Amino acid sequence: MVTNDETLVKLKHKIMEMVCRLAWNDNLDPEHEEQLVYDLIPGPLPTWRCCVYSEREIVRQRIRLAMAMNPSPDNKSDNIVQVIAPACDQCPISSYSVTDNCRFCLGKACLNSCKFGAISPDIVRMHIDATKCKECGQCAKACPYQAIVHLERPCKKACPVVAITYDEYGYCKIDDNKCIRCGQCIHNCPFGAIGSKTFLVPIIQAIKAGKKVVAMCAPATEGQFGPDVSMASLKEVVKKIGFYDMVEVGLGGDMTAAYEAAEWSKARSEGKQMTTSCCPAFINMLKMHFPEQYKENMSSTVSPMCAVSRYVKSQIPDAVTVFIGPCIAKKSEAADKSVPGNADYAITYGEFRALLRSCDIKPESIPASEYQEASKWGKGFASSGGVASAVIEVMKERGEDTSGIKVFRANGGDECRKALLLLKAGKLKEDFVEGMVCFGGCVGGPSKHRAEAEIMSARKTLLGEADGRSVLKNLENYPMDSFSMHRDGH
């Protein structure tokens with residue numbers, strides 16, 4: 001059974017591409033959708049799963065996700081991260097298992113250590129009853145041969161907020177009240193049982209309707225497609241698809257840095273600690289798991305994505321704005337309509353590539369010097385530490401003394417949680433917290449297109465071609481008084 005990630009990604013992206021082709025041709029209807037199922041899974045023998053019927057049902061549910069719907073009609077969750085139940089059937093239910101290293105020894109240290117009667121002798125080794133096991137781990141510690149192992153499911157292990165559990169049948173369950181929509185579970189599931197809703201169909205429909213659809217490419221975009229594909233390249237490419245225009249979200253990074261710098265300065269003078277507003281998964285973690293800190297310490301400045309969307313809509317009131325980046329959580333941010341002027345849709349690089357293939361288009365090499373809207377500081381928002389560095393740079397440009405500023409650069413979900421726990425307990429020594437749930441920052445996002453080392457190498461080349469404009473000088477070229485940078489729009 002082939003279950004490697006490359007195979008899963010290819011199938012997922014092929015489904016998205018074919019759904020896009022149907023949308024371009026106005027053929028999105030039950031008949032064509034079912035024909036697509038049989039085109040992809042012709043049978044009669046299965047390719048990956050136990051049977052061809054299971055494979056077809058998984059494809060049906062993936063088609064629904066590709067159309068921005070929940071995988072099954074009876075699922076009423078509004079979470080953008082969803083479980084494809086038919087695909088979630090191969091992981092062990094038990095967290096602790098006895099391996100072949102068990103010597104069936106006379107001492108039975110494992111049995112004696114268990115307080116719940118979960119361990120008993122089997123024929124050739126000890127046995128753990130999953131219905132009685134409380135997962136305390138004492139048996140594994142007691143075994144002199146280390147024959148008992150802790151098997152943690154990849155999806156659960158990847159979740160930084162313990163939002164994943166299982167039902168009595170072993171199927172993965174996502175707690176919508178805990179899930180921060182970071183998407184780490186999606187690419188860590190080796191069976192492709194978790195996916196996210198995709199908004200390519202409504203984007204295509206908006207383009208076909210003649211609406212002014214504006215693409216907004218994340219700072220992490222530079223380097224994703226190699227050193228020859230610049231923001232200028234992508235600007236031309238999206239226009240070929242039918243987008244009205246494109247703006248790099250690094251410009252939003254400049255905007256956010258400038259306004260957060262003012263907040264930091266004020267908070268510093270008051271002895272108040274603050275957190276950044278860039279990473280939506282970090283904001284979700286704050287809002288759901290640390291509500292008091294969200295209320296007291298959260299920056300009121302909007303994210304770069306929202307800043308650029310508001311800028312675009314201030315100039316083109318009827319624009320439809322689409323964020324393109326490596327982030328799953330941006331989809332949940334775009335879906336939050338309580339934030340005025342926010343992006344209408346957010347798609348990942350994988351989804352963007354599926355959209356390109358549906359139009360038979362490839363990115364072309366165009367010199368980066370032909371298009372630049374962001375300073376290097378705004379472009380640097382993509383990497384861990386980049387947000388704080390940009391904010392401090394703006395403070396320096398304003399002539400402020402930044403020598404005593406201490407920043408907790410939380411790199412990854414675990415460090416974000418640690419920083420917020422310290423903040424909640426009143427033990428955080430730093431003045432400010434930069435939170436990036438993805439390790440390495442946005443360039444390490446769950447939907448990155450290449451390995452991080454390749455991305456960083458290509459980014460070095462592309463960013464080396466950018467000019468050295470300052471943040472505040474750059475913003476003088478934009479009508480900052482025509483829209484609000486405050487979260488509530490005031």
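The model is predicted; local features need pLDDT of at least 70, side-chain atom pairs count only at pLDDT 80 or more, and totals for chains, interfaces and linings use all residues. Residues are numbered from 1 along each chain as its sequence is written, and side-chain values use heavy atoms, with hydrogens and water left out.

Helices (H or I, at least four residues) and strands (E, at least two) are DSSP runs, numbered from the N terminus. Two strands pair if DSSP finds at least two bridges between them. Four strands form an open sheet with parallel pairing, in the order β10-β9-β12-β13. The edges are β10 and β13 (345–348). Each has a single partner strand, so one side of each lacks a neighbour in the sheet. The twist averages 25 degrees from one strand to the next. Axes are lines fitted to C-alpha atoms, for helices over the stretch in contact; angles run from 0 to 180 degrees between N-to-C directions.

Within this sheet, β9 (residues 213–217) and β10 (residues 245–248) pair in the parallel sense over four bridges. Met 216 has Val 247 in β10 as its bridge partner. Cys 217 stands opposite Glu 248 in β10. α9 lies across β9 and β10 and runs at about 155 degrees to β10. Contact here means heavy atoms within 4.5 Å.

α9 also packs against helix α15 (residues 349–358): their axes come within 10 Å and cross at roughly 55 degrees. The two helices are therefore oblique to each other. Angles under 35 degrees count as roughly parallel, over 145 as roughly antiparallel, 65 to 115 as roughly perpendicular and the rest as oblique. The crossing of α9 and α15 is left-handed. A crossing is left-handed if the near helix is turned anticlockwise from the far one by less than a right angle, and right-handed if clockwise. Leu 234, Val 237, Val 238 and Ile 241 of α9 meet Phe 352, Leu 355 and Leu 356 of α15. The contact residues divide into seven nonpolar, no polar and no charged. Ala, Val, Leu, Ile, Met, Phe, Trp, Tyr, Cys and Pro count as nonpolar, Asp, Glu, Lys and Arg as charged, and the others, Gly among them, as polar.

Another open sheet has three strands in the order β11-β15-β14, with parallel pairing. Its edge strands are β11 (274–275) and β14 (407–411), each pairing on one side only. β14 and β15 (residues 432–436) pair over five bridges. Asn 411 has Met 436 in β15 as its bridge partner. Helix α18 (residues 413–425) lies across β11, β14 and β15, at about 145 degrees to β14.

The axes of α18 and helix α11 (residues 280–289) come within 11 Å and cross at roughly 45 degrees. This crossing of α11 and α18 is right-handed. Phe 282, Met 285, Leu 286 and His 289 of α11 contact Gly 413, Cys 416, Arg 417 and Leu 420 of α18. These residues divide into five nonpolar, two polar and one charged.

Two loops carry backbone features. The peptide bond from Gly 43 to Pro 44 is cis, with omega near 0 degrees. Pro 44 is found in the loop between α2 (30–40) and α3 (52–66). Asp 26 is not a glycine, yet has a positive phi of about 55 degrees. Asp 26 lies in the loop between α1 (5–24) and α2.
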